[in-house]
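The sequence and model are shown first.

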Amino acid sequence: MKQIAAIGFDMDYTLVRYDSEAFEEMTYKEIVKKLLEKGYPDAIGALKFKINLAIRGLVIDKPHGNILKLSTYSKVKHAYHGLHEMDFKTQQKIYQNLVIDLNDTDRYSIVDTTFSIAYCVLYMQLVDMKDSQPDLNLPDYKTLEQDLIEALDISHRDGSLKSQVKKNVKKFIVHDAGIVEALERFKRHGKKLWVITNSDYEYSKLLLDYSINPYLKEHKHWSELFNLVVTAASKPRFFTDKMPLLQIDPATGLMRNHHGKIEDGIYQGGNAQTIQKNAGLSGEQILYLGDHIYGDVLQIKKTCNWRTALVIDELISEVEALDKSATLTDQINDLMAEKVDLEQKLDDLFDKEIEKGKKPDKTKVQAHFKKIEGVDKKIGKLIRSHSQFFNPYWGETMRAGVEPSRLAGQIEKYACIYMAKISDFTDYSPRTYYRPRKKTLPHELA
């Protein structure tokens, strides 16, 4: 971090923390409202939001009405059809252990942001309603998804979501004094602080006034804390296209075209290359933090060579669950080691038959099978107990079975570091060197 000269922040779900359940429930109700206006049956108005039905990183198989949890290798590890969990045989019959091609956007849709949870929950419920109540004449599974994503997009564009946040900021926005503490400490160490958000100036001002100003100790106002604030940035285009830059008068909110050197202040639009060049920095001297893999991280890696960090709000509960289930995890690992040892001994008995023509002792074989069966039962019981600490439908967000989930794989591939919230920085020096832990490779276990 001591080499980082400028730190940029997305605002929503990064610099400003949302109450996810409150915001997603509000989003859910707004999508339902728009579907009713579109002519969907009144019965959907009785559906209730259940935040645990979906997690970030899931994939929707649109033509089949299936919701998939993939491993980092894009293999299906867990699946639901609507609200019904698919058994292993059904899952294998459809997907045959194939690698899911997520470039096939006509078939697959990715639940890749916190803002997508409401849409995924409602999709699962509507698929179930279509199957159980055919008399409602709901559209096919693919059309359902298209109508949902359209309603969600309209809700963002027409201001219906942000207007409700504006009316009741306290309900939807979480105060976190640690964020401001971390920011002022960065500033003390000479870091330039930038905000680069897709939200407009009016909305950004409201949320920054509420989230930042009450906790400032070394600055009077957030506009003094941040060297540069870019609103309506149109990410990911901000990182790829050259758009005009407008300067905003904070007193009136009026804008004018800006040319020449970019001084500290508040702007709209512009592009990453111009801001980087104006600051006289190389890409590796800039760190950008966001919550969206595609909008905030992936495009930066491809076009700007900035350092990247991902803020994952779900880690707060995930880490807590990991701590609580640690004893069970150790017990499962010990039993798995015992199972591997028993399997190797059983293989040795059969190897002797194949290679030396010596038939194995049936009593020994049966004893080994019985021991393995007993270990499997113990492991199964522990796994069921372990899963109760995590999401009741999907388990761990960052794992798919023993493998990293697709979300975890994307984070590892595109984010230099990741965290639950910006206030986590308060535990570390602004000069900290964040090094990856050495991974143990298979051949090193011998």
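## The surroundings of Ala-232

Leaving aside residues up to four places away in sequence, Ala-232 touches Thr-197, Asn-198, Ser-199, Asp-200, Gln-268 and Gly-269. The model is a predicted one. Ala-232 belongs to the loop between strand E10 (228-231) and helix H10 (237-240). One of its contacts, Asp-200, is 32 residues away from Ala-232 in sequence, with a C-alpha to C-alpha separation of 4.9 Å.

## Backbone features in loops

The loop between E10 and H10 also holds Pro-236. Lys-235 and Pro-236 are joined by a cis peptide bond, with omega at about 5°. A further backbone feature concerns Gln-96, which is not a glycine but has a positive phi of about 50°. Gln-96 lies in the loop between helix H2 (88-95) and strand E7 (108-110). As background, most residues other than glycine have a negative phi, and most peptide bonds are trans.

Two packed helices are described by the angle between their axes and the distance between the axes. For helix H1 (residues 20-38) and helix H3 (residues 117-132), the axes come within 8 Å and the crossing angle is roughly 55°. H1 is therefore oblique to H3. The crossing of H1 past H3 is right-handed. On the H1 side the contact is made by Glu-24, Thr-27, Tyr-28, Ile-31, Val-32 and Leu-35, and on the H3 side by Ile-117, Ala-118, Tyr-119, Val-121, Leu-122, Gln-125 and Leu-126. By class, these residues of the H1 and H3 contact comprise ten nonpolar, two polar and one charged.

H1 also packs against helix H4 (residues 141-157): their axes come within 9 Å and cross at roughly 115°. This angle makes H1 roughly perpendicular to H4. Here too the crossing is right-handed. H1 contributes Thr-27, Glu-30, Ile-31, Lys-34, Leu-35 and Lys-38 to the contact, while H4 contributes Asp-147, Leu-148, Glu-150, Ala-151, Leu-152, Ile-154 and Ser-155. The contact of H1 with H4 consists of six nonpolar, two polar and five charged residues. Thr-27, Ile-31 and Leu-35 of H1 take part in the contact with H3 and also in the contact with H4.

## Packing of H12 against H16

Helix H12 (residues 293-303) packs with H16 at an angle of about 40°, the axes being 10 Å apart. H12 passes H16 in a left-handed crossing. From H12, Ile-293, Tyr-294, Val-297, Leu-298 and Lys-301 meet Arg-406, Leu-407, Gln-410, Ile-411 and Tyr-414 of H16. Seven nonpolar, one polar and two charged residues make up the contact of H12 with H16.

## The largest pocket

By class, the lining divides into 21 nonpolar, three polar and 13 charged residues.

H13 provides the largest share, with four residues.

Note on methods
Residues are numbered from 1 along each chain as its sequence is written. This is a predicted model: local features need pLDDT of at least 70, side-chain atom pairs count only at pLDDT 80 or more; totals for chains, interfaces and linings use all residues. Side-chain values use heavy atoms; hydrogens and water are left out. Helices (H or I, at least four residues) and strands (E, at least two) are DSSP runs, numbered from the N terminus. Ala, Val, Leu, Ile, Met, Phe, Trp, Tyr, Cys and Pro count as nonpolar, Asp, Glu, Lys and Arg as charged, and the others, Gly among them, as polar. Axes are lines fitted to C-alpha atoms, for helices over the stretch in contact, and angles run from 0 to 180 degrees between N-to-C directions. Angles under 35 degrees count as roughly parallel, over 145 as roughly antiparallel, 65 to 115 as roughly perpendicular and the rest as oblique. A crossing is left-handed if the near helix is turned anticlockwise from the far one by less than a right angle, and right-handed if clockwise. Contact means heavy atoms within 4.5 Å.
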